[in-house]
Amino acid sequence: MGAISYIKRSITGVCLGILMMIAGASITKAQTGPIAQVKTVSGLVFIQRGGARQAVKVGDPVFEKDTIDTGADGSIGITFVDNTVMSAGPNSEIALEDYKFDSNNFKGSMLTDLNKGTLSMVSGDIAKSSPSAMKVKTPDAILGVRGTHFVVEVPAD
């Protein structure tokens, strides 16, 4: 009985170890590098990332799944790795839901969720190579970006 119990515990331990390695690989794969960099900041601006909220300063990296919050006096300018430029005005909340970009073939996709406030964008390589690959979601609509420059406003309730 002792040997069988030891073997069962060993097999269970090996299986748990393999599952943890697979989970770790999935987490590592999901964690990509920065997708953008903060170029300008004025007033109060915060980034929510992984449950934490931190003040933003020029030069900070921006990651997929970050949410940007600007205060009543806040604004921010961000440049993405595909050269898309995004600016947000006061009282804005913008979630960077999805961002993929391959610098080898300039293909990718971008989904930004503007919950409130103002957003101005000058599209970069993603929209140039795949016009339907860049989208901005608002509470009432999803905008497909096909041009090079646009502004969107979602009034606060």
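Two strands are taken to pair if DSSP finds at least two bridges between them, and the strands themselves (E, at least two residues), like helices (H or I, at least four residues), are DSSP runs numbered from the N terminus. The structure examined here is a predicted model, in which local features need pLDDT of at least 70 and side-chain atom pairs count only at pLDDT 80 or more, whereas totals for chains, interfaces and linings use all residues. Residues are numbered from 1 along each chain as its sequence is written, and side-chain values use heavy atoms, with hydrogens and water left out.

Strand E8, which spans residues 93-102, pairs in the antiparallel sense with strand E5 (residues 67-70), and this pairing extends over three bridges. Within it, aspartate 69 has glutamate 93 of E8 as its bridge partner. Strand E8 also pairs with strand E9 (residues 107-122), again in the antiparallel sense, and here nine bridges are found. One of the residues involved is phenylalanine 101, whose bridge partner in E9 is glycine 108. Four residues lie between the strands in the hairpin of E8 and E9, where phenylalanine 106 takes a positive phi near 60°. As a general point, the side chains of a regular strand alternate between the two faces of the sheet.

The structure also holds five salt bridges, a salt bridge being a side-chain nitrogen of Lys or Arg within 4 Å of a carboxyl oxygen of Asp or Glu. One of them joins lysine 57 to aspartate 60, with the closest N and O atoms 3.0 Å apart. For the surroundings of such residues, buried means under 20% relative accessible area, exposed means over 50%, and partly exposed lies in between (1.4 Å probe, protein chains only). On this scale lysine 57 is exposed, with a relative accessible area of 55%, whereas aspartate 60 is buried, with a value of 12%.

A further salt bridge links glutamate 64 with lysine 100, the closest N and O atoms being 2.9 Å apart. Because glutamate 64 lies in the loop between strand E4 (61-62) and E5, while lysine 100 lies in strand E8, the pair ties together parts that are 36 residues apart in sequence. Glutamate 64 counts as buried, at 16% relative accessibility, and lysine 100 counts as partly exposed, at 43%. Lysine 100 forms a salt bridge with aspartate 98 as well, and in this pair the closest N and O atoms are 3.1 Å apart. Aspartate 98 counts as partly exposed, at 24% relative accessibility. Through salt bridges that share partners, Glu64, Asp98 and Lys100 are joined into one network.
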